[in-house]
Amino acid sequence: MKDARLKLLSVFLLSVSAYASVTGAALAFIWWLVFSKRLKSLPSPKIFLGLFMITGAISLLMEYRGLPGISYFIRMSTIILIAGYAYTELSSRDMLNVMTWLLGERYGFELGLISAIAVQKIRQLSTDYARTKVAHRMKAVYRGGKDRLRCADYLSVAGIILINSLKDSKEQSKVLAIRGYRHGGRLQPVFDKSKSDYIPIFCATALFLCTFLTLVTYL
């Protein structure tokens, strides 16, 4: 899809459907197979594999305690796939344009700016993580240690990234204040459109309604 508004709406409908029931998760997974770039929609296969493993461990613990762990695993795994799709398909510019179009140039622009900065920071985390990990390995080799990182090293890397992100956010807010930013801003949202966009959004809406009707019938 090219239209950012339809992308964001599709992500919302799919996420709600996947979380609501196993049926919704199965339908959302089929949508992901058909309309996403599949493995290319996963920005980091290793990270997503780790998320699936964590979800699986939680599911096993739930099953052990008599809770619906299998249902949880199916629903959360689908939501993880949808999150990967959103990460690769939605840019910071898209968030700013959509929020401004939806809520106006005062509150919408401000919320869109916050969302855009958040998306930019999330994308920067993977780069910061890779650079920090390389620095730790070089330091370990220089000291005569092993090249591989230990669990404590991963925690140290995560702590460094968190601290640097907070510092960058503080500096970025200072820059905005110095430039005179207070509330809102002027922006004319522009969206790329394509006739092929209507097929995936129609399917996402249909599966959302199917999931909702299934839940209503069940209740």
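This report walks through the salt bridges, one loop serine and the cysteines of a predicted model.

## Ground rules

Local features need pLDDT of at least 70 and side-chain atom pairs count only at pLDDT 80 or more, while totals for chains, interfaces and linings use all residues. Numbering starts from 1 along each chain as its sequence is written, and side-chain values use heavy atoms, with hydrogens and water left out.

## Salt bridges

Searching the whole structure turns up three salt bridges (a side-chain nitrogen of Lys or Arg within 4 Å of a carboxyl oxygen of Asp or Glu). Asp3 pairs with Arg5, with the closest N and O atoms 2.9 Å apart. Asp3 counts as buried at 5% relative accessibility (buried is under 20% relative accessible area, exposed over 50%, partly exposed in between, with a 1.4 Å probe and protein chains only).

Glu89 bridges to Lys7, closest N and O atoms 3.9 Å apart. Glu89 sits in helix H4 (residues 69-89) and Lys7 in helix H1 (residues 4-20), so the pair ties together parts 82 residues apart in sequence (helices are DSSP runs of H or I, at least four residues, numbered from the N terminus). Glu89 also meets Lys37 at 4.0 Å, N to O. Lys37 is in the loop between H2 and H3, so this pair with Glu89 in H4 links parts 52 residues apart in sequence. Shared partners join Lys7, Lys37 and Glu89 into one network.

## Ser36 and the cysteines

Ser36 is in the loop between helix H2 (22-35) and helix H3 (45-64). Its side chain reaches the backbone oxygen of Trp32 at 2.4 Å.

Cys203 counts as partly exposed at 28% relative accessibility, and Cys210 counts as partly exposed at 37%.

Conventions. Helix = DSSP H or I, 4+ residues; strand = E, 2+ residues; numbered from the N terminus. Polar contact = N/O pair within 3.5 Å; in protein donor to acceptor, adjacent residues only side chain to side chain.
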